[in-house]
Amino acid sequence: MKSTSEEFIIAGLNQLLGGEGAQPPAGELVSKQVSSDAEKLWGNSGRLVVYPRDEHQVRAVLGYAHEHALTVIPEGGGTKRGLGGTLEQADLLMSLKQLKGVVEHSVGDLIMTVKAGTTLAEIQSVLAQNGQFLPLDAPFPERSTIGGIVASNASGPKRLRYGSCRDLVVGMRVVTADGTLIRSGAKVVKNVAGYDMNKLFVGSLGTLGVITELHLKLKPLPAKRSLLLLASPKGGAEIWDFSRRILDSHLEPLTLEVLNPRLAERLAGVSRYLLAVGLEDVPKAVAAQESWIRQNRGELEETEVLHDAEAEAWWNRFAVIGTAPFALKVGSLFTDVIPVLEAAEQAAAALGVNIVSHGGTGLGISRIYVEHQEAEAFSAFYQAMRTFMAQREGYVVVESAPFPVRRQLAVWGDPPAYLRLLKGIKQTLDPRNVLNPGRFVGGI
């Protein structure tokens, strides 16, 4: 701990914020962290926890931390504690769970303004009442907050159709490390000249500022939803060939997600490579696309077709598969998604570990969850995948691993050529290294 004692910090922050010492979340604004095995396992925690209720309190906390040279880790639902970082504890963990709620919903303009601590599930529930939804399918929607989703640029298979956070955020409010408020974008969808500041903070993992409010682009709820599950009797090559034909056709798929046999068995009862083709449109268009798929699927076997609520329930199960202690994200060319999944199967078999994995043939993004508790086996598997991807255009990053393991690995892979630029931005916005020190690429 720094020379500034915990008691001094608690007293200073409570005086600053007006806290009275009740138990969170009922009223306390600052509390000591309760040491637990989970805290020690994942790291990225804080010696003290701060619960700001509004943007003014976020600014006050960061201003205080900047003045007293305290480190701060912002957190939403806590689903990304295993992502990046070699800091077991910061001075302060800023929990944004109480900074939640819808600020404004312009139904006619398909725009919502929402506070950063609102969960994705809460947002979708409000929007559904007006026949709309936010086209983001980030994992763990019941726990993941919109601020955390945007800060980590989290997304799922439906990114193929709707894009990522960078495509859906039209404006935001961000508090920088010294308590300064930055407003970027607007509450309307429009083209503007100049640099898009939104994109600077999307995916920055809270190293440049704390997102407090977001303006989001919405979509009307689709009239018809469909999910076709197609199994390959011969392996992944057939799935890629069919995916390529879909991408070259007039079809507009929602997803083209490939599941490895273990995950396919878990979600669909089929122990083979499986292609999940999602469709959303008016009923006539969905029916026409389903017909095209049946006529052109070749030797792929149609194992199941789900519609509307059943299709959504399947995707809800898919959204919570990432519970393994170790996870990798692999970015590759579209043509390499199947080779990535097959290489992962071979490496896992050689090392005696169990994995579930999936990848988007229209996205070039794969995720591999290693269901094994031994750090040495995971480290060897990670190195095997890095060796495989070194021969191709792409990357491998550790998306989740316990703190002791992350300290031993280059979790972000090799430093990018533009690292100097990233460090310059960090130095400009956070010269005292208050926010999430060492959390991001190159130790930023």
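Which residues have the most contacts inside the largest nonpolar core? In this predicted model, they are Leu134, Ile146, Val150, Met172, Phe201, Ile211 and Leu214, and the core that holds them has 29 residues. Two or more residues of this core come from each of β6 (111–115), α4 (120–128), α5 (146–152), α7 (165–168), β8 (169–175), α8 (198–201) and β10 (210–217). The most is given by α5, with four residues. Apart from this core lies another, of 26 residues, including Leu62, Val72, Met94 and Ala177.

**The sheet**

An open sheet is formed by five strands in the order β5-β6-β10-β8-β9, with antiparallel pairing. Its edges are β5 (102–106) and β9 (181–185); each has a single partner strand, so one side of each is left without a neighbour in the sheet. From one strand to the next, the twist averages 10°. Between β8 and β9 the antiparallel pairing extends over five bridges, and valine 174 has isoleucine 182 of β9 as its bridge partner.

**Helices on the sheet**

Threonine 212 is located in strand β10. Is threonine 212 buried or exposed? Its relative accessibility is 2%, and because buried means under 20%, threonine 212 counts as buried. The side chain of threonine 212 makes a polar contact, at 2.7 Å, with the side chain of glutamate 55. When neighbours within four places in sequence are left aside, the contacts of threonine 212 are Glu55, Val58, Leu99, Val114, Lys115, Ala116, Arg173, Val174 and Val175.

Leucine 214 is one of the residues with the most contacts inside the largest nonpolar core. With residues up to four places away in sequence not counted, leucine 214 touches Met112, Thr113, Val114, Ile146, Gly147, Val150, Val169, Gly171 and Met172. Among these, Ile146, Val150 and Met172 are likewise named with the most contacts inside that core.

Notes
Residues are numbered from 1 along each chain as its sequence is written. This is a predicted model: local features need pLDDT of at least 70, side-chain atom pairs count only at pLDDT 80 or more; totals for chains, interfaces and linings use all residues. Side-chain values use heavy atoms; hydrogens and water are left out. A nonpolar core is a set of buried Ala, Val, Leu, Ile, Met, Phe, Trp, Tyr and Cys residues joined through side-chain atoms within 4.5 Å. Buried means under 20% relative accessible area, exposed over 50%, partly exposed in between (1.4 Å probe, protein chains only). Contact means heavy atoms within 4.5 Å. A polar contact is a pair of N or O atoms within 3.5 Å; within protein, one must be able to donate a hydrogen and the other to accept it, and residues adjacent in sequence count only if both atoms are side-chain atoms. Two strands pair if DSSP finds at least two bridges between them. Axes are lines fitted to C-alpha atoms, for helices over the stretch in contact, and angles run from 0 to 180 degrees between N-to-C directions.
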